[in-house]
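Welcome! Let us take a walk through a protein model together, stopping at a few places along the way.

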Amino acid sequence: MCGRYVSTRRPQDLVDLFDVTRWDSDLVLDPSWNVAPTDDVWSVLERVERDTGEVTRQLRPLRWGLVPSWAKSLSVGAKMINARVETVAEKPAYRRAFAKRRCLLPADGFYEWQAVAATETTKARKQPYFISPEDGQAMALAGLYEFWRAPDVADDAPGTWWTTCTIITTEATDAAGRVHPRMPLAIAPADWSAWLDPAHEDPGELRALLTAPAAGHLDARAVSTAVNSVRNNGPHLLDEVTDAPSDG
């Protein structure tokens, strides 16, 4: 799974990187070294403007944890932070979004936890690792988004409409695979337009666009268990620790 990640790039930098054509500069998200489920996160998506029919590429915040349009409560999103690539095109919660509402979620890297067996002197535990591209470039995680209307809320009241997202995951390989059996999928820059295009609905062609982040060229380093708490944030969370167990 992908349950925490890092996103620290400025929105202005994301606008340039992803060739965004529409962004409300009044919308601000703080950089985060510990993005957690239900947080607001930056996304890149394309929408057809109702008035002009023009397709615009937008940078906008979404709530992490997808809530299907038919859900009765916003709380279900906390359980739907990831969508498995093996079933994303068929499961009722994701199939409409996979066909029509895809997005990119910019990330510096992501965290996974490796189970560490107990010894005679220590208890069983989970060691966190920060996994990121070897070259330090940004990742464009493959995401889906949905619109959800809160029941029993007036049309003009705050909190009537929510836009939420999920990250598509697959079996992990290489550096990520040594830590955890699942990892997020990404979209290569050459395929951003095809992935975001709301008119592109062929499931087979869309699946073919999904790749390992950084083409599998990932670095994994052990970090402090401070990341385990959502209350902790800051660049110190990426500091490597030297007392972690080795891969082999």
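This is a predicted model: local features need pLDDT of at least 70, side-chain atom pairs count only at pLDDT 80 or more; totals for chains, interfaces and linings use all residues.

Is Thr 56 buried or exposed? Its relative accessibility is 7%, and because buried means under 20%, Thr 56 counts as buried. Setting aside the neighbours within four places in sequence, the residues in contact with Thr 56 are Thr 21, Arg 22, Leu 45, Glu 46, Arg 47 and Glu 49. Take Thr 21 from that list: 35 residues separate Thr 21 from Thr 56 in sequence, while their C-alpha atoms lie 6.0 Å apart in space. The side chain of Thr 56 also takes part in polar contacts. One joins it to the side chain of Glu 49 at 2.9 Å, and another, of 3.1 Å, links it to the side chain of Gln 58.

Now move along the chain to Thr 160. Where does Thr 160 sit? Thr 160 belongs to the loop that runs between β10 (139–149) and β11 (161–171). With a relative accessibility of 3%, Thr 160 counts as buried. Leaving out its neighbours within four places in sequence, Thr 160 is in contact with Trp 148, Arg 149, Ala 150, Val 153, Ala 154 and Asp 155.

Next, let us look at the cysteines. A disulfide is a covalent bond between the sulfur atoms of two cysteines. How many disulfides does a search of the whole structure find? The search finds 0. Cys 2 is in no disulfide, because its nearest cysteine sulfur, belonging to Cys 165, is 11 Å away, whereas a disulfide needs the two sulfur atoms within 2.5 Å. For Cys 165, the nearest cysteine sulfur is that of Cys 103, at 5.6 Å, and Cys 165 is in no disulfide either. Cys 2 is buried, with a relative accessible area of 0%, and Cys 165 counts as buried at 0% relative accessibility.

Searching the whole structure turns up 1 cavity of 30 Å³ or more. The largest cavity has a volume of about 50 Å³. Which residues line the largest cavity? They are Pro 68, Ser 69, Trp 70, Pro 92, Ala 93, Arg 96 and Glu 146. Sorted by class, this lining of the largest cavity comprises 4 nonpolar, 1 polar and 2 charged residues.

Terms used. Residues are numbered from 1 along each chain as its sequence is written. Side-chain values use heavy atoms; hydrogens and water are left out. Helices (H or I, at least four residues) and strands (E, at least two) are DSSP runs, numbered from the N terminus. Buried means under 20% relative accessible area, exposed over 50%, partly exposed in between (1.4 Å probe, protein chains only). Contact means heavy atoms within 4.5 Å. On a 1 Å grid over the protein atoms alone, a cavity is a set of points where a 1.4 Å probe fits but cannot get out, and a pocket is an open set with protein on both sides within 12 Å along at least five of seven lines; lining residues have an atom within 4 Å of a point. Grid points are joined across faces, edges and corners, and a volume is the space filled by probe spheres set on the points. Ala, Val, Leu, Ile, Met, Phe, Trp, Tyr, Cys and Pro count as nonpolar, Asp, Glu, Lys and Arg as charged, and the others, Gly among them, as polar. A polar contact is a pair of N or O atoms within 3.5 Å; within protein, one must be able to donate a hydrogen and the other to accept it, and residues adjacent in sequence count only if both atoms are side-chain atoms.
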